[in-house]
Amino acid sequence: MPPRISVIIPTLNEISIIEKTLTALPRHEWPERIVVDGGSFDGTADRAKRHADKVLVTEAGRGRQMNAGAREARGDILFFLHADARLPEEAHEAVSRALDDPAVVGGAFRLAIDSPRRALRMVAMFANGRTRLTGVPYGDQGLFVRRSVFERLGGYPEWPLLEDIEFGRRLKSAGKIVILSQPVTVSSRRWDREGIGTTTLRNQIFVLLYFMGVSPMRLARWVRPVR
């Protein structure tokens, strides 16, 4: 019998897309879909209740929200998905197959961006190259992890940003990570809103400063996180 997979989706003011995201996750494949809302003021939590199996409300902060969802989840596999992400066909089978290998502690999908713009195809290409080089997936790639490993690692750090990078680093140290060949497709909205060059450069500078020892709390004072 394939492992039970719990999908955990953190949200903040996602009323325009949360229903579409949830209806794209058929219950027969994804029997537990948990939305963890960070205090939306647009009715996201109420809209999510129409389709999610459970809706939680916490303080805002993606790491905090995902940890709260993990505590409520019943699955032995935790699958963290961004609210604007669209999974490929047979995603459930691909995740289950990857975890047939007991050496695999978790993994993610290849990244695609929902835009015909060449510059954004290049952004996705760079992101996928970075993941292949470092072996560390980012949160927007749809990260799945064995529950036992997640708990052993202490979950996500409850930081204002970069929590996915830190958790990915910890996960890499715990065992084998698989990057699936199928793409998870995310919205282009953050690049559309702030500009491709500005968003990409800012993100890379923040990652570099983080690896140089600048705390995420200090970095968060320099930017308003875009979800």
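Strand β1 and strand β2 (residues 32-37) run parallel and are joined by six bridges. The model is a predicted one, with local features needing pLDDT of at least 70 and side-chain atom pairs counting only at pLDDT 80 or more, while totals for chains, interfaces and linings use all residues. Residues are numbered from 1 along each chain as its sequence is written, and side-chain values use heavy atoms, with hydrogens and water left out.

Now for the sheet as a whole. It is an open sheet of eight strands with mixed pairing, in the order β3-β2-β1-β4-β7-β6-β8-β5. The edge strands, each pairing on one side only, are β3 (54-57) and β5. Helix α5 (residues 118-134) packs on the sheet and touches β6 (104-114) and β8, its direction making about 165° with that of β6. Helix α7 (residues 163-174) packs there too, touching β6, β7 and β8, at about 45° to the direction of β7. Touching, or contact, means heavy atoms within 4.5 Å; the axes are lines fitted to C-alpha atoms, for helices over the stretch in contact, and angles run from 0 to 180 degrees between N-to-C directions.

Back to β1, which is largely enclosed by the rest of the structure, because seven of its seven residues are buried. Buried means under 20% relative accessible area, against over 50% for exposed and in between for partly exposed (1.4 Å probe, protein chains only). In a regular strand the side chains alternate between the two faces of the sheet. In β1, Ile5, Val7, Ile9 and Thr11 sit on one side and Ser6, Ile8 and Pro10 on the other, and both faces are covered.

β4 pairs with β1 (residues 5-11) in the parallel sense over four bridges; Ser6 has Leu78 as its bridge partner, and Ile8 stands opposite Phe80. β4 is also joined by four bridges to β7 (residues 143-146), this time antiparallel. There, Leu78 partners Val145 and Phe79 partners Phe144.

Ala91 belongs to helix α4 (residues 91-98). Ala91 counts as buried because its relative accessibility is 4%. Leaving aside residues up to four places away in sequence, Ala91 touches Trp30 and Phe109.

Finally, there are the pockets. A pocket is an open set of points on a 1 Å grid over the protein atoms alone, where a 1.4 Å probe fits, with protein on both sides within 12 Å along at least five of seven lines; lining residues have an atom within 4 Å of a point. The second largest pocket holds about 230 Å³ of space, a volume being the space filled by probe spheres set on the points, which are joined across faces, edges and corners. Its lining has 15 residues, with Lys20, Thr21, Asp84, Ala85 and Arg86 nearest the centre. α1 (18-23), β5 (85-86) and β8 (176-187) each supply at least two lining residues, and β8 gives the most, with three.

Note on methods: Two strands pair if DSSP finds at least two bridges between them.
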